[in-house]
Amino acid sequence: MADQDWAMKGELVLSCNCTVFCPCVLSLGSHPPTEGYCQTWAGFRIDAGHFGEVDLSGLNLGLVMEIPGYMSRGNWTAGLFIDKRASVYAVKALTRIFTGKAGGTTSLLSILVGKFLGVEQAPVTYETRDRTRIFQIPKIIDGAVTPIPGKDRDKDTVISNSEYWIAPEIIVAKSDKSKMRAFGRNWNFAGRSAEICKLDWRGP
């Protein structure tokens, strides 16, 4: 599958083991995670997307990552869960995008991920209830992430105009529920750092 024009828009939610808001967002990887290493899962809702002529719209997916220290030093481990509704062409396209091989926004992953655990298809759901994002993959990820309100209690705490590669605007959040069991890992990050961002990625 040759490099092609691709894009995806929607939303993503990320839950990690940092005890307070992830330092990697503000330091751009030059400060270690609060626990010295990073364990994280991210959920993606693609409202509109394509890879060449392959339609990615309406699909959800999950990404699991482990980072042994500074994000910028690499040696990441990653595994991908793709919506069971995805066609074989969409699975190939999303695998290229999330391994960084398609270039563009995710190209860093081709350098930083040293071990790729593989791709599994599963039922993946991403819902918004009030402000809480509910992300679930049965028997694998059970997550609920809620934004942290600011001084104006009706508005979220937001970091804007950031150079963070995932998105320039990050909603600061906390995991109400965050369990992940897959690839020999068993995590529970309830009460810990989380992020919600607009998904607006493209390549090559």
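My entries follow, and I keep in mind that this is a predicted model.

**Entry 1, aromatics.** I looked up ring pairs and got eight aromatic pairs in the structure. I picked Tyr126 and Phe135: their ring centres sit 6.1 Å apart with the planes at 75 degrees, and over 60 counts as edge-to-face, so that is what I call this pair. Tyr126 and Phe135 are both buried. I also noted one aromatic cluster, made up of Phe44, Phe98, Trp165 and Trp201.

Which residues touch the most other members of the largest nonpolar core? Out of its 46 residues, I found Met8, Phe44, Leu56, Leu94, Phe98 and Trp201. Helix α2 (residues 88–98) contributes the most to this core, giving six residues. A separate core of 20 residues lies apart from it, with Val124, Tyr126, Ile137 and Trp187 among them.

Then I checked the neighbours of Trp201. Leaving out residues up to four places away in sequence, Trp201 touches Phe44, Phe98 and Trp165, along with Trp6, Ala7, Met8, Leu12, Thr105, Thr106 and Ile166.

Thr40 belongs to strand β2 (residues 38–51). Is Thr40 buried or exposed? Its relative accessibility is 4%, and the cut-off for buried is under 20%, so I log Thr40 as buried.

Technical notes: Residues are numbered from 1 along each chain as its sequence is written. This is a predicted model: local features need pLDDT of at least 70, side-chain atom pairs count only at pLDDT 80 or more; totals for chains, interfaces and linings use all residues. Side-chain values use heavy atoms; hydrogens and water are left out. Rings of Phe, Tyr and Trp (its six-membered ring) pair if their centres lie within 6.5 Å; planes under 30 degrees apart count as stacked, over 60 as edge-to-face and the rest as tilted. Buried means under 20% relative accessible area, exposed over 50%, partly exposed in between (1.4 Å probe, protein chains only). Helices (H or I, at least four residues) and strands (E, at least two) are DSSP runs, numbered from the N terminus. A nonpolar core is a set of buried Ala, Val, Leu, Ile, Met, Phe, Trp, Tyr and Cys residues joined through side-chain atoms within 4.5 Å. Contact means heavy atoms within 4.5 Å.
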